[in-house]
Amino acid sequence: MKNHDKVALITGAGQGIGLEIARVLASNGLHIILNDIEKSLTEEAVAEILKEAKGKVLGISGDSGDTVFIQEMVGLAEREFGKLDIVVANAGITLYGDFWEYSPNDFFEVMRVNAGGTFFLAQAAARLMKKQKTGGSLLFTSSVTAHQAHKNLAAYAMSKAAIEMLAKNLVIELSEYHINVNTISPGATLTSRTASDPDYEKTWSKITPMGRPASVRDIAQTAAFLISDEAKHITGQNLIIDGGWTCISPSPYN
């Protein structure tokens, strides 16, 4: 990425994919606003990224599905930097559950955080980008489950499919302001959470055509491209990063 003193806001960046995206952007000289719902994770992530950052790194803890807090995050960017160039709406929750027993509370919480949080963060960020008249880039984190059915993830898959349709629809709304919007759909990815399952890497290495699950670096490098100046003519698109799994879709449950 080329650094033009840009400012990026990344949600759900206290660990895993979001943290690695923040690391890649910070190492390329961008100023970073890093969010996680857990204050300890936010503080640890900021301290870690500062070791290799070339720009400023700020942390802000809170619920990225809360519309008041969304305004606080965007407001922080405007106060501290006077602008916001890039938003990565990465935060999300996964509440597994059998379709027959899935509760309304779990369903609406998944939709609130994943779909609602992405929608209203995009809205708030795009308003600032429109006012700046310098354009910007939005990137949403979807999932391969938006493309292939996965056991006990019906509600989660719905929320991720909704995010991809949101990106397509926002092409109508945002293109005239030089704001592009895309999604990425990670497949099986090795993170601190998935690594806690002793069978995870073995299972997904066996059924992934490329022979291994993704690393967080694989996902972050793809994200960095889509929000770079080199990708400004790409908008309304989704990029699956799964080592080919969705092409053949063998079940991890067999």
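**Charges, overall form and one cysteine**

Analyst: The protein chain carries 23 positive and 28 negative side chains, and the centres of these two sets lie 6 Å apart. Here Lys and Arg count as positive and Asp and Glu as negative, with His and the chain ends not counted; each charge is placed at NZ of Lys, CZ of Arg, CG of Asp or CD of Glu. The model is predicted, so local features need pLDDT of at least 70 and side-chain atom pairs count only at pLDDT 80 or more, while totals for chains, interfaces and linings use all residues. Residues are numbered from 1 along each chain as its sequence is written, and side-chain values use heavy atoms, with hydrogens and water left out.

C247 belongs to helix α8, which covers residues 245-248. The protein chain as a whole has eight helices and nine strands, which are DSSP runs numbered from the N terminus (helices H or I, at least four residues; strands E, at least two). C247 counts as exposed because its relative accessibility is 69%; exposed means over 50%, buried under 20% and partly exposed in between, with a 1.4 Å probe and protein chains only. Buried residues, by contrast, make up 51% of the 254 residues in the protein chain.

C247 and I86 are 161 residues apart along the chain, and their C-alpha atoms are separated by 31 Å. For scale, the C-alpha trace of the protein chain spans about 50 × 35 × 35 Å along its principal axes.
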